Amino acid sequence: QVQLVESGGGLVQPGGSLRLSCAASGILFRFYSMSWYRQAPGEQRELVATITGGGVPNYAESVEGRFTITRDNAKSTVYLQMDSLRSEDTAVYYCKVNSLVYWGQGTQVTVSA
């Protein structure tokens, strides 16, 4: 059974940093691209970043230059390093296996002074 478990969210001041983690199980992790999405109340889920199985990243324009997606295939974990956080980054962050309909439970990120 596929499981995705996000962690690392919390409350941070504007300009601060957080590192999110998503631990995957039940798949051959290295074969799949992985993505981070986020969703704020009343808004649709938004793609934030994607990383291929080989480690090639892609970012939404809203986060490029501030966020970094990485993966550790040996640990079946994908990370999202978030720097220079802004209030508009506040959302629940989810990870997803690309091409498969599997989502984690999400981790709340709140950016507020």
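Two strands are said to pair if DSSP finds at least two bridges between them; strands themselves are DSSP runs of E with at least two residues, numbered from the N terminus. The model described here is predicted, with local features needing pLDDT of at least 70, side-chain atom pairs counting only at pLDDT 80 or more, and totals for chains, interfaces and linings using all residues. Residues are numbered from 1 along each chain as its sequence is written, and side-chain values use heavy atoms, with hydrogens and water left out.

An open sheet is formed by 4 strands, in the order S1-S3-S8-S7, with antiparallel pairing. Strand S1 (3-7) and strand S7 (67-72) are its edge strands, each pairing on one side only. Strands S7 and S8 (residues 77-82) run antiparallel and are joined by 6 bridges. Within this pair, Thr68 has Gln81 of S8 as its bridge partner.

Strand S7 also holds Arg71.

A polar atom of the Arg71 side chain is 2.8 Å from the backbone oxygen of Tyr32, and the side chain of Arg71 reaches the backbone oxygen of Thr52 at 2.9 Å.

Terms used: A polar contact is a pair of N or O atoms within 3.5 Å; within protein, one must be able to donate a hydrogen and the other to accept it, and residues adjacent in sequence count only if both atoms are side-chain atoms.
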